[in-house]
Amino acid sequence: MGIGRIIRDALSFGDLSRAERLGIALFLVAMAVFPFAVKSGFGRAVAVQFLLYATLGLSWNFIGGYGGQIDLGGAKNVGFGAYGVALPMLWWNAPFWVGLPIGVAAAVLESLVLGLALLRLRGHYFAIGTLAVALVWQELFTFWRWTNGARGVLLPLKPTPDFLYMQFGPVGFHYAALFLFVLSLCWLNWFRKSKLGYELRAIREDEDAAASLGIDVLAAKLKAYCISAAVAAAAGAFYAVYYGYIDPASVMHMDLSVMIAMTAMIGGAGVLWGPVVGAAVLIPLDRYLGAWLGGDALGIDFVIYALIIMLVAAYQPKGVWGIIESLAPARSAQRNEWRDA
Amino acid sequence: MSVFLEVSIQGVLMGLTYALLALGLTVIFGVMDMVNFAHGEFLMIGMYAAYLTAAHVFPDPLVGVPVAGLIGLVLGALSYRLLVRRLLQGPTIAQIFGTFGLMLFLRYGALAVFGPNLRSAPGGLVVGQRLVLGGLVLDGAKVTAAAGSALLFALIYWFLQRTRVGLGLRATAAHREAARYMGVDTDAMNSIGWAIGGATAGMAGALLVNFYYVSPTVGMVFAMITFTTVALGGFGSVPGAFVAGIIVGVVEAVTAQYFSPQLKLAVIYLVFFLVVLLRPHGLLGAR
């Protein structure tokens with residue numbers, strides 16, 4: 001498969017319905033002009049967080065959505081990406097663009113090694129395994145001294161906007177996040193049409209049948225797991241420079257893993273747009289809920305998410321996208337083989 | 001008495017409670033091939049039940065044990081009736097997210113209701129008591145929790161082996177379809193499995209309150225230990241849960257003594273990882 005074919009597959013949305021393509025175009029235009037239309041700092045921050053979580057949700061979709069392997073440890077990859085940028089910047093004043101490949105490489109390498117073990121597990125076991133691994137990393141990053149332990153890392157601030165260190169105003173961050181998001185979206189768009197994407201869907205439907213058809217199940221899952229880690233780590237690297245401060249409790253916590261899986265699950269797991277829809281529901285809900293409830297109503301936000309998760313799991317496992325599809329049955333029946341196969 | 005032996009005995013005491021916790025999880029798994037992510041939260045609710053009983057009704061967490069058991073029983077059965085029964089009709093992903101959602105709901109619900117503060121039992125018959133056996137000094141509360149856990153474990157084991165309902169549970173675990181053809185009400189068995197899971201976790205929690213703090217997030221620590229125990233013993237294996245509980249307790253105590261208390265969870269997760277890798281069906285697993 002030539003590089004031209006890969007790029008064409010990544011950029012082409014030709015297999016989607018006209019309504020969907022129109023939706024994509026409108027969405028991207030809206031995101032592109034957003035910083036000019038919205039001047040409030042809060043609104044802009046919500047938009048950046050939305051793009052960040054949508055990217056994380058897309059990363060989850062590779063292994064969790066298309067592969068059906070419920071990864072509940074996505075936060076570790078975010079942590080690797082964030083620490084990969086933050087620690088070299090703290091120690092050697094290394095630019096963001098040096099730290100980014102370090103963090104991504106660490107996440108991919110870790111996923112490759114541990115994936116060899118974890119991906120032999122199925123269903124519930126895999127979910128528990130990923131949860132356990134992510135908890136161990138959080139414990140270790142809290143325990144170790146070289147990672148600054150529980151105190152976390154405060155990134156050195158630059159006096160002027162600096163592309164090398166990815167430090168600039170809210171508008172700059174918006175476009176950086178949008179760039180990362182579009183890149184991830186294109187990668188997932190290629191993935192769902194690739195041989196690997198079909199292999200993973202086959203594995204999701206029936207792992208034994210997939211293996212009997214000659215699919216190297218472990219290799220396929222491992223590839224998707226590593227791609228997922230790379231995307232999440234890149235988002236983590238961005239997280240570090242955007243917030244300027246990271247600690248194990250913010251970038252490696254189980255709550256973050258939950259949020260990542262949830263954006264995809266609530267929007268629609270294994271659907272290109274699922275995580276985007278999920279993030280569009282969850283992030284504004286989260287931020288405005290937080291602003292509305294204030295600090296005194298501890299835990300209420302997660303109680304509401306928990307209710308949403310339980311309702312979605314019990315009544316509409318295909319998420320918001322499943323509801324959209326059931327409202328437009330003719331279109332979905334015609335196009336299902338691409339998205340939902 | 002050597003330090004190692006003393007530490008090991010402490011580990012065995014804790015391990016008996018882990019065995020009781022693992023029992024509930026492994027029964028649910030055996031009967032319906034499903035992991036209950038909210039198991040640690042059932043324990044946490046049991047702990048609060050015992051703590052509140054001790055704080056407001058009668059100043060001893062031991063009185064809270066039956067209360068916590070009853071609350072756990074109802075909670076488990078309700079979870080099955082209202083949520084899990086629907087989840088069973090969906091794909092595996094829905095089952096995982098469903099009980100995971102239940103876990104988050106109970107955990108953050110407790111945070112909203114009780115606040116983030118750690119609480120300890122105000123006192124009681126065995127709280128803070130020292131038990132001296134020759135050269136060995138033991139915490140009376142831990143010995144009580146261990147004895148209570150062992151007793152409850154034996155009771156449930158007897159129930160599974162010697163009663164008609166226990167036979168139904170075992171039949172359902174062995175082969176659901178065949179059990180249904182033989183007239184076993186498998187839906188009721190699921191319900192009973194969840195009730196047992198909730199009740200044992202709740203009572204284990206009440207026993208722990210005698211020497212362990214309560215907080216809304218305490219469930220996660222015990223849930224991960226329980227998952228490790230069940231994986232080690234073999235998913236669905238009741239004798240496996242007992243043996244593995246004791247092993248996990250000893251490993252935890254030895255790690256805390258010889259390495260660092262902060263690393264004990266990391267080591268337990270490592271054990272989980274190795275077991276899953278080397279013996280995916282556990283020490284005494286059937287499959």
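Visitor: Where in chain A does Met166(A) lie?
Guide: Met166(A) lies in the loop between strand 1 (153–154) and helix 7 (170–193) of chain A, where helices (H or I, at least four residues) and strands (E, at least two) are DSSP runs numbered from the N terminus. Keep in mind that this is a predicted model, in which local features need pLDDT of at least 70, side-chain atom pairs count only at pLDDT 80 or more, and totals for chains, interfaces and linings use all residues. Residues are numbered from 1 along each chain as its sequence is written, while chains are lettered from A and ligands numbered from 1 in the order in which they are written.

Visitor: And is Met166(A) buried or exposed?
Guide: Met166(A) is buried, with 24 other C-beta atoms within 10 Å; a residue is called buried if 20 or more other C-beta atoms lie within 10 Å of its own, exposed if 12 or fewer, and partly exposed in between, with C-beta atoms placed from the backbone. Its phi is near 50°, a positive value in a residue other than glycine.

Visitor: What about Asn93(A), which phi does that one have?
Guide: Asn93(A) has a positive phi of about 60°, although it is not a glycine. Most residues other than glycine have a negative phi. Asn93(A) sits in the loop between helix 4 (75–92) and helix 5 (96–118) of chain A, and it is exposed, with 10 other C-beta atoms within 10 Å.

Visitor: Switching to chain B, how many helices and strands are there?
Guide: Chain B has 11 helices and two strands. Strand 1 (residues 130–133) and strand 2 (residues 136–139) of chain B run antiparallel and are joined by four bridges, two strands being paired if DSSP finds at least two bridges between them. Leu131(B) has Leu138(B) as its bridge partner in strand 2, and Gly134(B), in the hairpin with two residues between these strands, takes a positive phi near 60°.

Visitor: How many residues does each chain bring to the contact?
Guide: The contact takes 34 residues from chain B and 33 residues from chain A, with two residues in contact if their C-beta atoms, placed from the backbone, lie within 7 Å.

Visitor: Which helix of chain B gives the most there?
Guide: Helix 4 of chain B gives the most to the side that touches chain A, with 15 residues.
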